[in-house]
Amino acid sequence: MSDMRLIVAGAGGRMGRTLIHAIAASKGVTLAAAVEAGGSAVIGRDAGELAGLGKNGVTVASEIEPLLAGADGLLDFTVPAATVAFAEHTGRAGMVHVIGTTGLSGENENLIAQAAKRAVIVKSGNMSMGVNLLAALVERVAQTLDEEFDVEILEMHHNKKVDAPSGTALMLGRAAAQGRGIDLAQHCVRARDGHTGIRCPGDIGFAALRGGSVVGDHTVIFAGPAERLELAHKAEDRMIFARGAIRAALWARGQKPGLYSMAHVLGLA
């Protein structure tokens, strides 16, 4: 089979540049195109130079539509509005769309699900193998331990991150809720301030820290009577997310249209 031709969205951002690096270092994939938002200073620049690799002949563009015919898939770690717009394009083209964008609203999720009727979409709050294995463990532990064990999720990211809790923290919260057989939306506590009263049994709490250049730290705490279990993952390099995204794209190639997660890619679903 020929190499999978991938478009990188958000090519000028930290993850976009990392994805370009990862594609260059990976077998079975090639960089077909790179796109950025209209008005970006990087439009017209060589994507390889932008990522510190030297020229690769791929010029960063502002319009994705003309690029779709020459590609098999899109890697998208951008912002919610852009991701929804990209999903409309990939849906019409019936192609692979790997989404690592976080901060999506319920409406955004619904629009992506509609696009997945025609596109092969793999969406995850975190593309790393370690975090997805952690989510599977969290679900199992939550299922095993009863409500005497309170669930708290602590995450820390760099000072440029714009959404909280992180997509990964919410993914871990959903895993815990799934294990407990409850709806996260009805048991989610995202902030505590002032006189809050006692903790409600069954709540899943979130705390978000921001500072420095932290790539991503996540800890799920099960706090019970006289003992505490902590499951943690620390990301040290964005390359782990890029490699996961490429793995997801290669897995999705040839799949039927639908909405998938990294759990499907890793055989954990």
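**Strand pairing, helix packing and local backbone features**

In this predicted model, strand β5 (residues 96-99) runs parallel to strand β6 (residues 120-123), and the two are joined by four bridges. Within this pair, Val 96 stands opposite Val 120 of β6. Helix α1 (residues 14-25) packs on the sheet, where it touches β1 (4-9), β2 (29-35) and β4 (73-76), and the direction of α1 makes about 165° with that of β1. Helix α3 (residues 80-93) likewise packs on the sheet, in contact with β1, β2, β4 and β5, and its direction makes about 165° with that of β5.

The sheet is open and consists of seven strands with parallel pairing, in the order β3-β2-β1-β4-β5-β6-β12. Because β3 (60-61) and β12 (258-260) stand at the edges and each has a single partner strand, one side of each is left without a neighbour in the sheet.

Helix α8 comprises 14 residues (239-252), which at 1.5 Å a residue should span 20 Å, and the distance of 20 Å between its end C-alpha atoms agrees with this expectation. The buried residues of α8 are Met 239, Phe 241, Ala 242, Gly 244, Ala 245, Ile 246, Ala 248, Ala 249 and Ala 252. Just after α8, Gly 254 adopts a positive phi of about 95°.

Two loops also hold backbone features to note. In the loop between β7 (150-157) and α6 (167-180) lies Pro 165, which is joined to Ala 164 by a cis peptide bond with an omega of about -5°. The loop between β10 (216-224) and β11 (227-235) contains Ala 226, which has a positive phi of about 70° although it is not a glycine. With a relative accessible area of 89%, Ala 226 is exposed, the cut-off for this class being over 50%.

Key
Residues are numbered from 1 along each chain as its sequence is written. This is a predicted model: local features need pLDDT of at least 70, side-chain atom pairs count only at pLDDT 80 or more; totals for chains, interfaces and linings use all residues. Side-chain values use heavy atoms; hydrogens and water are left out. The expected span of a helix is 1.5 Å times one less than its number of residues. Buried means under 20% relative accessible area, exposed over 50%, partly exposed in between (1.4 Å probe, protein chains only). Two strands pair if DSSP finds at least two bridges between them. Contact means heavy atoms within 4.5 Å. Axes are lines fitted to C-alpha atoms, for helices over the stretch in contact, and angles run from 0 to 180 degrees between N-to-C directions.
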